[in-house]
Amino acid sequence: MKLFEVMAPLKPLQNLIYISLEIFRRMPHNKNNLSELEAWLYFLASDNPSDILNIVKQYPAFQELYKDIVLFRFQPKEVISMYSEALSIMDRNTVKYMMDEMKAENLRLAEENQRHAEENHKQAKENQRQAEEIRLLKQQLAEYTKRKN
């Protein structure tokens with residue numbers, strides 16, 4: 001099996017092998033004894049009826065997939081409907097995610113606001129205490145100045 005070299009700088013989390021379907025189709029294979037991987041590659045690369053029949057004989061699960069493809073070829077509105085439904089679900093999920101993110105951000109900001117309000121209240125009390133202390137010190141200074149004169 002030839003590997004298809006991709007020049008894109010990819011850093012996958014898994015060990016991936018890229019296979020050119022065009023090259024795969026041109027290579028000779030033992031079509032009577034396909035591995036499941038080869039069956040999938042033929043499924044993706046070939047529209048030859050003999051290949052399809054061979055894959056379905058060896059892996060009957062592919063028959064449903066081919067039925068869906070044939071149905072979609074003759075009823076393209078069904079594909080568009082499925083695609084639209086998938087996009088609609090993605091949109092709903094995106095909106096829900098964004099709302100959840102906004103709720104979390106609002107909660108964080110409310111907590112931060114509460115913390116700042118508490119700090120402001122403490123600072124205001126400290127300012128009052130210091131103002132009272134200054135007033136008392138001024139009063140003592142005035143009394144001391146009177147006694148000295």
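The side chains of Glu 105 and Arg 108 meet in a salt bridge, 2.7 Å from N to O.

User: What counts as a salt bridge here?
Analyst: A salt bridge is a side-chain nitrogen of Lys or Arg within 4 Å of a carboxyl oxygen of Asp or Glu, and by this rule the count comes to seven. The model is predicted, so local features need pLDDT of at least 70 and side-chain atom pairs count only at pLDDT 80 or more, while totals for chains, interfaces and linings use all residues. Residues are numbered from 1 along each chain as its sequence is written, and side-chain values use heavy atoms, with hydrogens and water left out.

User: Where do Glu 105 and Arg 108 lie?
Analyst: Both lie in helix 5, three residues apart, about one turn of the helix; helices (H or I, at least four residues) are DSSP runs, numbered from the N terminus. Glu 105, Arg 108 and Glu 112 are linked in a network of salt bridges.

User: And Glu 133, which residue does it form a salt bridge with?
Analyst: Glu 133 forms one with Arg 129, with the closest N and O atoms 2.8 Å apart, and the two are four residues apart in helix 5, about one helical turn.

User: Switching topic, which residues make the nonpolar surface patch?
Analyst: Tyr 83, Leu 87 and Met 90 make a patch of about 320 Å²; patch residues have over 30% relative accessible area and no salt bridge, with nonpolar side chains (Val, Leu, Ile, Met, Phe, Trp, Tyr) joined within 5 Å and like charges within 9 Å. Accessible areas come from the Shrake-Rupley method with a 1.4 Å probe, and for residues only the protein chains shown count as cover.
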